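Colleague: I have a few quick things to ask about this one, if you have a minute. Could you put it up first?

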Amino acid sequence: MPRAEEEAIGWIIRLRDATSADWESFTLWLEADVRHAPAYERLATIDADAADRMFQHTAAAPTRIDVREAPPVQESARYRPQSYRRRWLGGIAAGVAVATGATMLITSTPATYAVPTAPGQTRSIVLSEGTRIVLDGDTKLLLDRRDPRMAELASGEALFTVTHNVRHPFELRVGGARVEDLGTVFDVRRRAAATEVSVASGAVLYNPDSDALRLGAGDRLRDPDGPAPPTRSHVALADVAGWRDARLSFDDRSLAEVAAEIRATTGVPLQVSPAIAERRFTGVIVVAGSRDALPRKLEALLDVKAVRRGAVWLLLPAGAGR
Amino acid sequence: MTVDGLLAVFMTNRAALVRFLRARGAGDDADDIAQDLWVKLAAGGQGPIADPLAYLYRMANNLMIDRHRMASRRRDREQSWITIERGGDDVSDEPSAERRLLSRERLAEIDGRIDALGPRTSAIFRRFRLDGVSHGQIAAEHGISVSAIEKHLRKAYRILSAIGADDAAAEDPERLDRGGANDAAG
């Protein structure tokens with residue numbers, strides 16, 4: 001047996017109860033010879049595979065719940081794909097640069113692709129295994145040709161209708177969180193540094209590995225980026241993915257968010273004056289009908305003044321001059 | 001140790017952890033993986049931790065192990081996808097079934113190697129690897145010395161190390177001809 005492999009075995013054994021000093025020595029050993037890292041990698045994989053297998057023999061086969069609740073120190077004996085998946089899709093988000101001119105962008109990895117929509121445009125996608133996704137305007141969704149049970153909502157909003165498969169739940173990544181379906185129709189919105197999940201039927205699990213929040217029909221979860229915890233509220237079922245009926249509902253949202261939402265759904269370019277961008281709005285806005293009539297309608301609903309500047313509509317405080 | 005305490009230890013030792021990840025083969029992804037680690041820590045849920053820095057190294061190491069295992073599985077899936085696309089008369093109608101068979105073969109190989117450990121080595125290995133018991137306690141249980149325990153563990157890993165030794169060649173000899181150099185990188 002090669003010396004690198006013998007030494008790697010020694011490290012596998014020693015690292016189980018290693019002190020930080022041991023880990024530093026291990027780093028030096030890895031750096032000492034290019035053969036060391038691959039030798040250790042191979043053995044560590046075998047070690048994890050064999051431990052998984054023995055664990056299955058010993059106990060009943062672990063369910064997903066078991067995996068979720070296992071103490072973190074036992075991680076190496078489990079199969080934990082999530083961190084890899086997040087990283088991997090995140091990399092694609094950055095890598096989507098080459099436009100083919102069509103609405104579909106092909107990434108450098110041929111099996112993965114982004115599906116974008118322009119403001120005012122919607123788009124429907126059917127994946128195998130019975131998943132249907134409808135994209136609102138100004139949205140980017142990342143899909144994997146090889147794995148139809150996985151998607152990432154990079155930005156925007158989409159409605160997911162998912163047929164549940166216990167063995168292979170549908171998983172959506174959004175804003176650093178994971179949403180796992182439990183057989184469901186749900187809407188996910190990723191805009192303005194926050195993630196919002198609204199469930200129309202069935203249920204989803206939000207961040208099954210950390211928050212493990214179960215959302216049922218009529219539940220809406222809002223998770224702002226940063227350390228603040230997600231909040232949960234109720235949503236009328238008709239308001240879930242209301243954008244599909246040109247019916248946008250807002251619950252204590254800033255005018256900046258409201259404008260971004262309307263722009264995404266209708267394609268009408270709106271900008272909100274900083275003076276009122278943080279003003280809150282709660283209510284329903286029906287944006288169906290003529291695009292030209294929309295700014296006037298918003299004036300009444302939002303108590304603002306709409307002024308045209310070139311291609312853009314500015315929303316100003318109602319009392320503003322001209 | 002609180003989550004804040006762990007995060008503070010992480011920040012203080014970030015450079016050392018990134019260096020470790022790089023040495024472990026993370027390459028340019030080392031910073032991203034360190035970031036993943038931070039996110040996991042911030043999520044909380046850790047039990048009592050005696051040596052926080054060692055804990056962080058262990059988590060980083062586990063992330064690398066998961067990554068590697070995922071990459072192998074993904075290569076398998078990719079391979080089966082390419083097989084479908086390529087077509088031709090050498091192609092199985094059910095590449096996914098073939099994959100399952102291969103993975104059953106690997107499982108059988110693992111089972112065979114575990115059996116080959118022999119009862120005493122196998123029992124010691126289980127206590128060590130699955131139950132997380134210390135060398136000293138296992139030694140006491142078996143009435144042998146600590147160094148004898150270590151010999152059993154080394155023997156166990158030598159036997160297990162034969163698993164998958166010729167995997168790449170057995171799975172797809174063609175693939176080695178096409179892109180053997182890339183296989184080691186994953």
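Colleague: What should helix α6 of chain A span at 1.5 Å a residue, and how far apart are its end C-alpha atoms?

Modeller: Bearing in mind that this is a predicted model, the 12 residues of α6(A), residues 255-266, should span 16 Å at 1.5 Å a residue, and the end C-alpha atoms are 16 Å apart, which agrees.

Colleague: And is α6(A) largely enclosed or left open by the rest of the structure?

Modeller: α6(A) is largely enclosed by the rest of the structure, because 11 of its 12 residues are buried. Among the buried ones are L255(A), V258(A), I262(A) and T266(A), and the charged side of the list includes E257(A), E261(A) and R263(A).

Colleague: What follows α6(A)?

Modeller: The residue after the helix is G267(A), and its phi is positive, near 85°.

Colleague: Switching to the strands, how do β3(A) and β4(A) run, and how many bridges join them?

Modeller: β3(A), residues 123-127, and β4(A), residues 131-135, run antiparallel and are joined by 5 bridges, with L127(A) having T131(A) as its bridge partner. The two strands make a hairpin that leaves 3 residues between them, and E129(A) in that turn has a positive phi of about 65°.

Colleague: Which other strand does β4(A) pair with?

Modeller: β4(A) also pairs with β6(A), residues 150-162, in the antiparallel sense over 4 bridges, and in that pairing V134(A) stands opposite L159(A).

Colleague: Now the contact between the chains: how many residues come from each?

Modeller: Chain B contributes 45 residues and chain A contributes 41 residues. On the side of chain B that touches chain A, the elements giving two or more residues are α2, α3, α4, α5, α6 and α8 of chain B, and α4(B) gives the most, with 14 residues.

Colleague: What's the make-up of that side of chain B?

Modeller: The residues on the side of chain B that touches chain A divide into 20 nonpolar, 9 polar and 16 charged.

Colleague: Last one: are α6(B) and α8(B) roughly parallel or roughly perpendicular?

Modeller: They pack at an angle of about 95°, with their axes 9 Å apart, and are therefore roughly perpendicular to each other, since angles of 65 to 115 degrees count as such.

Colleague: Which residues meet there?

Modeller: From α6(B) the residues are R120(B), T121(B), I124(B), F125(B) and F128(B), and these meet I149(B), H152(B), L153(B), K155(B) and A156(B) in α8(B). The residues of this helix contact divide into 6 nonpolar, 2 polar and 2 charged.

Notes
Residues are numbered from 1 along each chain as its sequence is written. Chains are lettered from A and ligands numbered from 1 in the order in which they are written. This is a predicted model: local features need pLDDT of at least 70, side-chain atom pairs count only at pLDDT 80 or more; totals for chains, interfaces and linings use all residues. The expected span of a helix is 1.5 Å times one less than its number of residues. A residue is buried if 20 or more other C-beta atoms lie within 10 Å of its own, exposed if 12 or fewer, and partly exposed in between; C-beta atoms are placed from the backbone. Two residues are in contact if their C-beta atoms, placed from the backbone, lie within 7 Å. Two strands pair if DSSP finds at least two bridges between them. Axes are lines fitted to C-alpha atoms, for helices over the stretch in contact, and angles run from 0 to 180 degrees between N-to-C directions. Angles under 35 degrees count as roughly parallel, over 145 as roughly antiparallel, 65 to 115 as roughly perpendicular and the rest as oblique.
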